[in-house]
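Please keep the sequence and the structure at hand while reading.

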Amino acid sequence: MARVWTPADEAIQARDSGSRRHPHLSARARELGFETLDDLKLAVLKQRPTWWLGNAYHCPVCDLDFIDSRRAAEHVVLEQHPVLRMDSLRAE
Ligand SMILES: [Zn+2]
């Protein structure tokens with residue numbers, strides 16, 4: 001169940017992580033083997049050709065889920081976060 005995003009969440013996360021360069025990643029992302037933002041950016045880059053075709057997305061920085069590519073893409077643009085397409089990760 002995705003929660004509603006509020007700007008206050010980001011402020012809390014930024015404070016708790018202590019560093020903008022090494023933000024805390026969601027448990028879900030770490031389960032998939034991602035340790036750093038660079039790992040995630042690389043994975044998203046690989047997904048790019050078919051990224052739009054997904055129906056399940058996850059932002060590991062915010063621990064937020066999206067069910068359509070339009071909302072996920074908005075998040076990428078607004079927050080500059082590497083939003084993963086989740087339904088294609090399993091297939092790889
Ligand atoms: Zn995010």
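Predicted model: local features only at pLDDT ≥ 70, side-chain atom pairs only at ≥ 80, totals over all residues.

## A histidine in a loop

H24 lies in the loop that runs between helix α1 (7-17) and helix α2 (27-31).

Although H24 and P60 are 36 residues apart along the chain, their C-alpha atoms are separated by 8.3 Å.

## The chain as a whole

The protein chain holds five helices and three strands, and, read from the N terminus on, these elements follow the order α-α-α-β-β-α-β-α.

Of the 92 residues in the protein chain, 21% count as buried. When contacts with a separation of 6 or more are considered, 57% of them in the protein chain are between residues 24 or more positions apart.

## The sheet

In general, the strands of a sheet pair through backbone hydrogen bonds, and this pairing may be either parallel or antiparallel. Here the three strands form an open sheet in the order β2-β1-β3, and the pairing is antiparallel. Strands β2 (64-66) and β3 (84-85) are the edge strands, each of which pairs on one side only.

Between β1, which covers residues 57-59, and β2, the antiparallel pairing extends over three bridges. Within this part of the sheet, H58 stands opposite D65, a residue of β2.

How values were computed:
Residues numbered from 1 in each chain as written. Pairing = 2+ DSSP bridges. Helix = DSSP H or I, 4+ residues; strand = E, 2+ residues; numbered from the N terminus. Buried ≥ 20, exposed ≤ 12 C-beta atoms within 10 Å, placed from the backbone. Contact = placed C-beta atoms within 7 Å.
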